[in-house]
Amino acid sequence: MLSILLIDDNPNDRLMIDRELRKTFPDLEIKSVIDIQTLEQILTAGGFDIVITDYQLHWSDGLTILHKVQSRYPNCPVIMCTDSGSEQVAVEAMKAGLSDYVFKGRHFKRLAGAVGESLKKKQLRENYAKTSAQLAISEERLRLAIEASKMGTWDWNLLNGEVVWSEGHELLLGLEKGSFAGTYEAFFACIHPDDQASIAQAVAFALENKIEYQYEFRVIWPDGSLHWIAGRGKFFDDETGKSVRSIGVVWDITDRKLSEARVQESEENLRFALEAANTIAFTWDVASGEVRRSSNAETQMGLGPDSTCGTFEQKKNAVHPEDRERFLADLDAALKGTGVYESEYRKLRPDGSVIWLHDKGRMVFDASGTPLRLFGVAIDITDRKQLEYDRERALARQQSYLRRLQKLTSASVAINSTLSVGEILQLAADSARQILEVHQVAVNLNPSANWEAGISKFSMSEKYAAWQDCCQQPDATRIYQEVCQQQQAMRMTQSELEAHPADGPWCCQAAGKHRPMRGPLAVPLTARDGSNLGLIQLSDKYEGEFAEDDETILMQLAQAVSGAIDNARLYEESQQANRMKDEFLATLSHELRSPLNAILGWAQLLRHRSFSPAATERALSTIERNAKLQTQLIDDLLDISRIIRGKLTLNPCAVNIISLVEAAVNTVRLAADAKSIDLRFAIVGLGWETADLNEPGEVSGNPEYQLNPRFWVSGDPGRLQQVIWNLLTNAIKFTPRGGRVEIRLSRVDSEVELAVTDTGIGVAPNFLPYVFESFRQADATITRNYSGLGLGLAIVRQLVELHGGTVWAQSPGLDMGSTFTFRLPSMQVNSMVGEEAQVLAGAGNLLGVKVLLVDDEVDSREFMRFVLADSGAAVRAASSAAEAFEVAQQFGPDVLVSDIGMPEEDGYSLLRRLRSKNTESGKFWAIALTAYARDEDRDRAFAAGFDQHLSKPVQPDVLVETIVKLREQELTT
């Protein structure tokens, strides 16, 4: 509502004014004043917008009213509406501040316009005043802000090049107040040289494109310090569009630049720390769902080129499906709880690989508790998780390995608690399947790779129920051959097995007949001597493929099984040895007592009764034959003893095998004739064969055969004749009456071969491998048909091997005869050889030889006295060492033949006493003739000073020949 103060004392004029104004201002309030009192009241009360006054009043005038109103309301417009004024009054009033001057009468219509115009001017004045006040405030604020922010201003007149700087501008560039030259060039000179080109380019670009320009540059203050300045300006154009002026501000940004440098350094350090810790930083705006990550998310963790900025939905979908529920639960707990967030989960990379992340962060809430943003870091813990996984697996493997070891220990105890090889193999199969958790196990024992004679045991789960009754022996497949021959474990995955060629080492030659294999593992069974016993083979593990620890466990089980098999065999061999010992002792007792029965029987009869010469001769022949038999038994025992202890020595020389065969044949000819055995001797390669050897001169007397170099060997003639004699004796012994014995001598490459074939009882196949072992007899029962100790063939093998040869036996079976063959390396003979060494020397001539004979046994002493005296020697006999010592002082013997074991003083002591005498009687040959026939006894005799050692009983011609050789040696030296 418009409120007008109307001052006029003419009622008509007031009415007319009121009516005229209401035409234009319907919503109008007019306050009328007709006297001074009312005027004062209304002026005091106020509340009016404009004043209309008459010039000529009864109580005042218009100018006075104008001054009175202005004194109180200087901005209130005043219009003078009168008919009594003049131009002079109007001018004076206008100068005094009158808003308008309107004449009454016909000019009333202009009054409303004057009111409206005055009100507009009032509004303009009020707005201007308000704007001016605001501008003053803004300018003051700007000034304060510029001063507070250390800013400066410039005003650049592009037409004349003048530049006006504020005081602050000069201070910012390190200049003293009022020292700036006021030109663009002076400003440019203040810029750091390295920044001048870029600033000039920025200003030129802004001027050309008529845009605001911003720039940052460095300045060097007079004190040498470096400062950073930022500027911002704008170009102003004239009416033609030409830029004529530029105004702008500058401010110091040195602290900001230093902060930025520090921030950049801090960010570098943070980036390095994040990369070093394999960590990325991230933020999640809960409202928008935006997720931002540090730049190393792509380079360090391989999360893809778009990984630095994404959405929460993408982040959620990238979590491994198995971990997504837990991840969301951890996040929800942070949103609804204290804001602390922590979660471990697997993340799917764009390339399909998986990494483990450990998120740690804190949620930021607003004042109302609404979650705003999550700040956190994600640590790559893939290596740690892999390590934990490997550690857990290693711990599980270790625990499994320990459990297996416990089972293995129990299995080893059980396996070693039985002496049955079959039970050992079955326990091994069952234990291997239980310990290593497999579906099928096969344990095969194949000594000497004899698969047909081997033993196989199996253990299978229900998966192979159809094969439970399968007891087929292995068919010498490549897997068995490779493991057993190479003595190494073999392990193969199922894929390797399937990819293997059909003829590979793991493929079965008859796969359709054997259980199918899946990822097999096989280890050898090895005896203590390193030989192969067989193998343990596993197939089809419950879970996964066989690993190295499976192989290790199986190798340990195989060692336990191998040891148990060896122990069982050793036990069986010990039992067999005990049986053999008992059988041997029984046989020895029988073989020794039987000849003694005949010897003692005939001796007692000859002593107490008189017989005819024929009967006496038969009795003596029987005694001699049984005595020789006992001698042979004892010699065999001594030979075996020497062989076992490695004390058997040879005296090698050039030997013609033909002569040795002839001598042996002559020895056994009578026995063969007694059984009507057809004895034949064939020499292969010379075109000559004997059908009957009754005339040995046919061979030995023939120079063509006697001197032929094809059958000469280097050996001990006595021992080689012993080999041939043993083979011939056995052949005749085990050949029934009317049978046939054939001797074939031949040359095979560089060896001489002698084969003795008979048509006798033969050798059983199961006994053939043991025929050359000591004390082994095919029939060791007391009802056996053939006598002997079972030493002959053992001595044959040892003697042949000592000569560098080989010996073997062949027989089709029982009652089908047999062939015993040996080979010896032949001897190269370049010329006619001399006389072959004699096997047995004939009796020599002891005429003129004085022999001192010492023996406490009367029969032995008298027998040897007779033999020596019969050979022409002068013999003095003594029954003790003391007696012999006395006789020697008087007799002065050439040869001493002394027993060793005698009462009071033995033969060793006697010889030492005789040798110690520094007389002629001390120079003699000494022969030890004793029943102590071991090699140790022989060595001790030589050490005591004896020149020869002969064991009782001794052949008469051997004793005489020994003395002859000693005398010949004396004569030659």
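Okay, let's start with a pair of helices: α19, residues 657–674, packs against α22, residues 717–733, at an angle of about 35°, and their axes are 9 Å apart. The axes here are lines fitted to C-alpha atoms, for helices over the stretch in contact, with angles running from 0 to 180 degrees between N-to-C directions. Helices (H or I, at least four residues) and strands (E, at least two) are DSSP runs, numbered from the N terminus.

Who makes the contact? On the α19 side we have I657, L660, V661, A663, A664, V665, T667, V668, A671 and A672, and on the α22 side P717, L720, Q721, I724, W725, L728, T729 and I732. Contact, by the way, means heavy atoms within 4.5 Å. Sort those residues and you get 15 nonpolar, three polar and no charged. For that sorting, Ala, Val, Leu, Ile, Met, Phe, Trp, Tyr, Cys and Pro count as nonpolar, Asp, Glu, Lys and Arg as charged, and the others, Gly among them, as polar.

A word on what we're looking at. This is a predicted model, with local features needing pLDDT of at least 70 and side-chain atom pairs counting only at pLDDT 80 or more, while totals for chains, interfaces and linings use all residues. Residues are numbered from 1 along each chain as its sequence is written, and side-chain values use heavy atoms, with hydrogens and water left out.

Now the whole chain. The secondary structure comes to 28 helices and 34 strands. Of the 973 residues, 41% count as buried, where buried is under 20% relative accessible area, exposed is over 50%, and partly exposed is in between (1.4 Å probe, protein chains only). And if you take contacts between residues at least 6 apart in sequence, 61% of them join residues at least 24 apart.

One more helix: α9, residues 254–276. Its 23 residues reach 32 Å from first C-alpha to last, close to the 33 Å expected at 1.5 Å a residue; the expected span is 1.5 Å times one less than the number of residues. After α9 comes N278, with a positive phi near 55°.

E437 is a residue other than glycine with phi near 55°. E437 sits in the loop between α14 (421–436) and β17 (438–445). D540 also has a positive phi, near 65°, but D540 lies in a strand, β21, residues 532–541. So which is buried and which is partly exposed? E437 is partly exposed, with a relative accessible area of 40%, and D540 is buried, at 6%.

E753 is in strand β27, residues 751–758, and counts as buried because its relative accessibility is 14%. What does the side chain of E753 pair with? With the side chain of R823, in a polar contact of 2.5 Å. A polar contact is a pair of N or O atoms within 3.5 Å; within protein, one must be able to donate a hydrogen and the other to accept it, and residues adjacent in sequence count only if both atoms are side-chain atoms. Leaving aside neighbours within four places in sequence, E753 also touches R744, L745, S746, V748, W808, T821 and F822.

K407 is in helix α13, residues 382–415, and is partly exposed at 34%. K407 and I435 are 28 residues apart in sequence but 6.3 Å apart in space, C-alpha to C-alpha. Not counting residues up to four places away, K407 touches Q434 and I435.

T183 is in the loop between α6 (167–172) and α7 (184–189), partly exposed at 29%. Beyond four places in sequence, T183 contacts G161 and V163. A polar atom of the T183 side chain lies 3.1 Å from the backbone nitrogen of A186.

And Q948, in strand β34, residues 948–951, is partly exposed at 28%. Its contacts, again beyond four places in sequence, are A926, I927, A928, F942, T962 and L966. The C-alpha atoms of Q948 and I963, 15 residues apart along the chain, are separated by 9.3 Å.
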